[in-house]
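Here is a short report on symmetry, an annotated region and charged pairs. Please look over the sequence and the structure before reading on.

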Protein chains: 2
Amino acid sequence: MSEKSEADANSKRVVRQLPPSKAALTRSAILDTGNRFLETRPFRELTVANLMAETEHSRSTFYLYFNDLHGLMETLLNEVKGGIVEGARAWLLNEADAVSGLHESLRALVDVGYQHGSILKAVADAAPSDERLEHVWETFLGSFDQVVSARIAQDQAKGITPEFDPLPVARALNRMDAGVLINAFGSVQKANKEEVLSAIMRIWISTLYPFDAAGSIGHRFK
Amino acid sequence: MSEKSEADANSKRVVRQLPPSKAALTRSAILDTGNRFLETRPFRELTVANLMAETEHSRSTFYLYFNDLHGLMETLLNEVKGGIVEGARAWLLNEADAVSGLHESLRALVDVGYQHGSILKAVADAAPSDERLEHVWETFLGSFDQVVSARIAQDQAKGITPEFDPLPVARALNRMDAGVLINAFGSVQKANKEEVLSAIMRIWISTLYPFDAAGSIGHRFK
DNA sequence: GGATTTTTCTGACATGGCGTTAGTACGCCT
DNA sequence: AGGCGTACTAACGCCATGTCAGAAAAATCC
């Protein structure tokens, strides 16, 4: 789903196959370098020459492994993707205790955001300048809209979540998460993890489980 | 605060003064064209040549009025800014009825977003590729964080809003608004206004005024 | 109503990043 | 040693950018 090598529609030519591996080595060297680069400098300063200079390879080598910088970003995103989806499961699968499942999922999300904030920001920054990457990024975000929305509907059926149109609310909450994570953890000096977590946690819970909120948030009603 | 002309630190040379005005005319012709362009095509397709071709002027003329495309975007943003700040006042100033003030403000916000969605998306898209514009955009968003946070603190003092650290929550809610508006109204086929409004409205109110939520949202407690 | 100054505009250039192509270097096999 | 595939690179053409010196058009003067 990303670049040359892995099974891949849409790229003009697939180069380098997985099994033998001097290639795999240089490829991941490039990925590493890119990763390191983006931890300290914004995507706009990343140029192919710029990137490969921190490598022992020539600029043209880059094009043997990636179609362009956006292709590189897509690959980087895919590396993070797993962690996020993983973390989300706590809430999505725990039918028993919605509130604490959500707690857990959001905590996991914030953790991943904290670790890979620079990648997330870089991808979000890179997306608007490339149609394909923009589509990938939006699809990525959109996939959460779907599952969150489904879970909300489920909790509404159970009566633990107020009635409302789930999809737009899911979208809003997800955009919030994305925006907050990138804002908080996208630059060199990262925000306080607990502070961020408790802010988004409060918003999710107030919105989805307001009946619990009294106890859970610890505040009297009327 | 934007480009050549208006009082303006940081631009290398200020050209064209306001009062006499053949210049002002071409300048706004360019702005108009840019505006029109961005209503149907993304920022990444906007090039100086591209833009000026839809004008009766040459490419170089562009540089008489703007430093670069990002400068143009900054000017475009400033034109929208007013409307948004304006709309926010309803809630910020209405001490009497927080909930309905917030209703009003969010409705105004969604209206502005609906009208100028393409500009907002274009600016957000353009920001990451230019340090200066990125700073402007973040400052713009950040300014709302400040005022919203202040208002929250005030309502907490009054006891109508639960106790929590206001700033991170304000930030999260604002990022949500920005993300939602751009997502919903940034492309050619815009989302349903009422749907968007009621989603973000619900989230804001559940979070800030949960004690009202029961009545206002119309759902039984426990 | 022609000359002069000021305003507005433009063609032509240099720069820099991009992506491709033709070709080189190296290891391995037999 | 010759041939083959893998891994790499130097050099090229392209396109958008921003600048600059000077042309054209408008305004002003006499």
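Which residue forms a salt bridge with B:Asp111, and how far apart are the closest N and O atoms? The partner is B:Lys193, and the closest N and O atoms are 3.0 Å apart. B:Asp111 sits in helix H5 (residues 98–126) of chain B, and B:Lys193 sits in helix H8 (residues 193–208) of chain B. B:Asp111 is partly exposed, with a relative accessible area of 29%. B:Lys193 is also partly exposed, at 29% relative accessibility.

Keep in mind that this is a predicted model.

**Salt bridges**

The structure holds 20 salt bridges over all chains. Side chains of opposite charge can pair when their charged atoms come close.

| Pair | N to O distance | Helices |
|---|---|---|
| A:Arg175 and A:Asp145 | 3.7 Å | H7 and H6 of chain A |

A:Asp111 is partly exposed at 29% relative accessibility. A:Lys193 is partly exposed too, with a relative accessible area of 30%.

A:Arg175 and A:Asp145 also meet through their side chains. Helix H7 (residues 166–185) holds A:Arg175, and helix H6 (residues 131–158) holds A:Asp145. They are 30 residues apart. Are these residues buried or exposed? A:Arg175 counts as buried, at 13% relative accessibility. A:Asp145 counts as buried as well, at 3%.

Salt bridges can also share partners. One network joins A:Arg44, A:Lys121, A:Asp125 and B:Glu134.

**Symmetry**

How do the two chains relate? A rotation of 180 degrees, with 0.0 Å of shift along its axis, superposes chain A on chain B (RMSD 0.0 Å). That is the relation of a two-fold axis. The same surface serves both copies, as 100% of the contact residues of chain A recur in chain B. Of the residues of chain A, A:Met176 comes closest to the rotation axis, its C-alpha at 2.0 Å.

**Annotated region**

For chain A, an unreviewed UniProt entry lists residues 47–66 as "DNA-binding region". This span is 65% helix and 0% strand. Its end C-alpha atoms lie 13 Å apart.

Technical notes. Residues are numbered from 1 along each chain as its sequence is written. Chains are lettered from A and ligands numbered from 1 in the order in which they are written. This is a predicted model: local features need pLDDT of at least 70, side-chain atom pairs count only at pLDDT 80 or more; totals for chains, interfaces and linings use all residues. Side-chain values use heavy atoms; hydrogens and water are left out. Copies are superposed by least squares on the C-alpha atoms of residues with pLDDT of at least 70 in both. Contact means heavy atoms within 4.5 Å. UniProt positions are given in the numbering used here, feature names are shortened, and annotations may be inferred rather than shown by experiment. Helices (H or I, at least four residues) and strands (E, at least two) are DSSP runs, numbered from the N terminus. A salt bridge is a side-chain nitrogen of Lys or Arg within 4 Å of a carboxyl oxygen of Asp or Glu. Buried means under 20% relative accessible area, exposed over 50%, partly exposed in between (1.4 Å probe, protein chains only).
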